[in-house]
Amino acid sequence: MSYKKAISVVDGQVIEECDLLDGFSPAVTIADDAVYSSGVTDLTGYATFVAGGDSCIIPFHKHNAVLVAGTKVGSSDFSTTKDTASKINVYVESGELKIQNKSGASITLSVRF
């Protein structure tokens, strides 16, 4: 395969700028105080997280073969730290991308890689 411009690699699959891959298709509903295990362990690039009218972008990369989340840009309703109160927490645990809902209500979340 050849790609003009690869912006992400998700579990070994190259995602082009023109691709419309939705990470959780359709969007997932996460109950308050629940954790969603995405199954994503290999991501190099940016992921956009959207819940209702709020969104953020988080870069991910591998370091010593382990997935690492970078600095979040966007809504203050999101955090990259597990167990942060009143937030949607996007973090890496045991090498896997996880989303924890501590917002106080059920959320519908979509992710675009």
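Modeller: Let's start with a cut-off: a residue is called exposed when its relative accessible area is over 50%, and buried when that area is under 20%. One thing to keep in mind is that this is a predicted model.

Colleague: Thanks! Why is valine 73 called exposed?

Modeller: Its relative accessible area is 57%, and the cut-off for exposed is over 50%, so valine 73 counts as exposed. You will find valine 73 in strand 8, residues 73–74. Together with Tyr46 and Ile57, Val73 makes a nonpolar surface patch of about 310 Å².

Colleague: And why is serine 38 called buried?

Modeller: Serine 38 has a relative accessible area of 15%. Buried means under 20%, so serine 38 is on the buried side. It sits in the loop between strand 4 (35–37) and strand 5 (43–51).

Colleague: What makes serine 38 and valine 40 a polar contact?

Modeller: A polar atom of the serine 38 side chain lies 3.0 Å from the backbone nitrogen of valine 40.

Colleague: Now the charged pairs. What makes aspartate 33 and lysine 102 a salt bridge?

Modeller: Their closest N and O atoms are 2.7 Å apart, and the rule asks for within 4 Å, so the pair qualifies. The two partners are 69 residues apart, with aspartate 33 in the loop between strand 3 and strand 4 and lysine 102 in the loop between strand 11 and strand 12.

Colleague: Why is aspartate 33 called partly exposed?

Modeller: Its relative accessibility is 49%. Exposed needs over 50% and buried needs under 20%, so aspartate 33 falls in between.

Colleague: Which residues touch the most other members of the largest nonpolar core?

Modeller: In that core of 20 residues, they are Phe49, Phe60, Phe78, Val90, Leu97 and Leu109. Strand 5 gives the largest share, four residues. In soluble globular proteins, nonpolar side chains tend to be buried together.

Key:
Residues are numbered from 1 along each chain as its sequence is written. This is a predicted model: local features need pLDDT of at least 70, side-chain atom pairs count only at pLDDT 80 or more; totals for chains, interfaces and linings use all residues. Side-chain values use heavy atoms; hydrogens and water are left out. Helices (H or I, at least four residues) and strands (E, at least two) are DSSP runs, numbered from the N terminus. Buried means under 20% relative accessible area, exposed over 50%, partly exposed in between (1.4 Å probe, protein chains only). A polar contact is a pair of N or O atoms within 3.5 Å; within protein, one must be able to donate a hydrogen and the other to accept it, and residues adjacent in sequence count only if both atoms are side-chain atoms. Patches are made of residues with over 30% relative accessible area and no salt bridge: like charges are joined within 9 Å, nonpolar side chains (Val, Leu, Ile, Met, Phe, Trp, Tyr) within 5 Å. Accessible areas come from the Shrake-Rupley method with a 1.4 Å probe; for residues, only the protein chains shown count as cover. A salt bridge is a side-chain nitrogen of Lys or Arg within 4 Å of a carboxyl oxygen of Asp or Glu. A nonpolar core is a set of buried Ala, Val, Leu, Ile, Met, Phe, Trp, Tyr and Cys residues joined through side-chain atoms within 4.5 Å.
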